[in-house]
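User: I am new to this structure and would like to learn how to read a few of its features. Please take them one at a time.

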Amino acid sequence: MKAIVITTAGGPEVLQLQQVEDPELKDDEVLIKVEATALNRADTLQRKGAHPPPKGASPYPDLECSGTVQAVGKNVSRWRVGDQVCALLSGGGYAEKVAVPAAQVLPVPLGVSLKDAAGLPEVACTVWSTVFMMSRLSAGETFLVHGGSSGIGTFAIQIAKAKGATVFVTAGNEEKLAFCKKLGADVCINYKTEDFVSRVKEETGGKGVDVILDCIGAAYLQRNLDSLNFDGRLCIIGLQSGAVTEIKLNTLLPRRLTVQGAGVRA
């Protein structure tokens, strides 16, 4: 089969289309003939040498794809050859075929084309697992997502609104904020011109929000904690500003705050 190979760490020019071996199919896996794939920040980081795939995963980039089931392992019962699916990957979507654990394969939603379905698994699984399974966002609560116009952000806005939450977003310009507003965001904050902590406190009567989904990391950690309500939950899914910082532990105790991290790829 053909695959996009990262020949060395660097810019887009290091990507080459090469002939490679077909993936080996394990007993609990599904072999997908790839119809379409997507682009995530993790793919560009992997290309630069900053985000290696987990041990045993495909060396080729990409975290999601759509396509048609071409073969199934002997322990797989849910999927059949010919099924149209999308999937969350540990890597390998930039290829003609990819082997995926059956539990990471999803049906294509009604009304979504096979091509468009390639862009769903990464954002859907990330948002659902962090915002709802881990952080337990529920109807009537307030939710802040940083980078509201990103893939994760746009999905998070829509599903949080569908679940009855009040949604706050940050973004870097008015065009992005207008897009977030169109998707249903209630409070839109330009982080370049406003202090999001002050705005959150203003909009919530000084209480803060119940859940924050953060991709920034170190630079935002204390400010995120200052923005949380009593029993607030902060979920960190990215470290765009770095991984090391200091916080005031006395911020956590009186308001019973929770700080948690998640990485879907592993």
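Predicted model: local features only at pLDDT ≥ 70, side-chain atom pairs only at ≥ 80, totals over all residues.

User: At what angle do the axes of helix α2 and helix α3 cross?

Analyst: Two packed helices are described by the angle between their axes and the distance between the axes. Helices (H or I, at least four residues) and strands (E, at least two) are DSSP runs, numbered from the N terminus. Axes are lines fitted to C-alpha atoms, for helices over the stretch in contact, with angles from 0 to 180 degrees between N-to-C directions. Here α2 (residues 121–134) and α3 (residues 151–162) have axes that come within 9 Å and cross at roughly 55 degrees. The two helices are therefore oblique to each other; angles under 35 degrees count as roughly parallel, over 145 as roughly antiparallel, 65 to 115 as roughly perpendicular and the rest as oblique.

User: Which residues of α2 and α3 make the contact?

Analyst: Contact means heavy atoms within 4.5 Å. From α2 the contact takes in E122, V123, A124, T126, V127, W128 and F132, and from α3 G151, I152, F155, A156, I159 and A160. These residues divide into 10 nonpolar, two polar and one charged. In this scheme Ala, Val, Leu, Ile, Met, Phe, Trp, Tyr, Cys and Pro count as nonpolar, Asp, Glu, Lys and Arg as charged, and the others, Gly among them, as polar.

User: Is R233 buried or exposed?

Analyst: Buried means under 20% relative accessible area, exposed over 50%, and partly exposed in between (1.4 Å probe, protein chains only). R233 has a relative accessible area of 5%, so R233 is buried. R233 lies in strand β12 (residues 228–236). A polar atom of the R233 side chain lies 3.3 Å from the backbone oxygen of R136.

User: Where does G217 lie, and what does G217 touch?

Analyst: G217 lies in the loop between β11 (209–214) and α6 (221–226). Its relative accessibility is 5%, so G217 counts as buried. Not counting residues up to four places away in sequence, G217 touches G238, L239, S241 and G242.

User: Where does G238 lie?

Analyst: G238 lies in the loop between β12 and β13 (258–261). G238 is buried, with a relative accessible area of 15%.

Terms used. Residues numbered from 1 in each chain as written. Heavy atoms only, no water. Polar contact = N/O pair within 3.5 Å; in protein donor to acceptor, adjacent residues only side chain to side chain.
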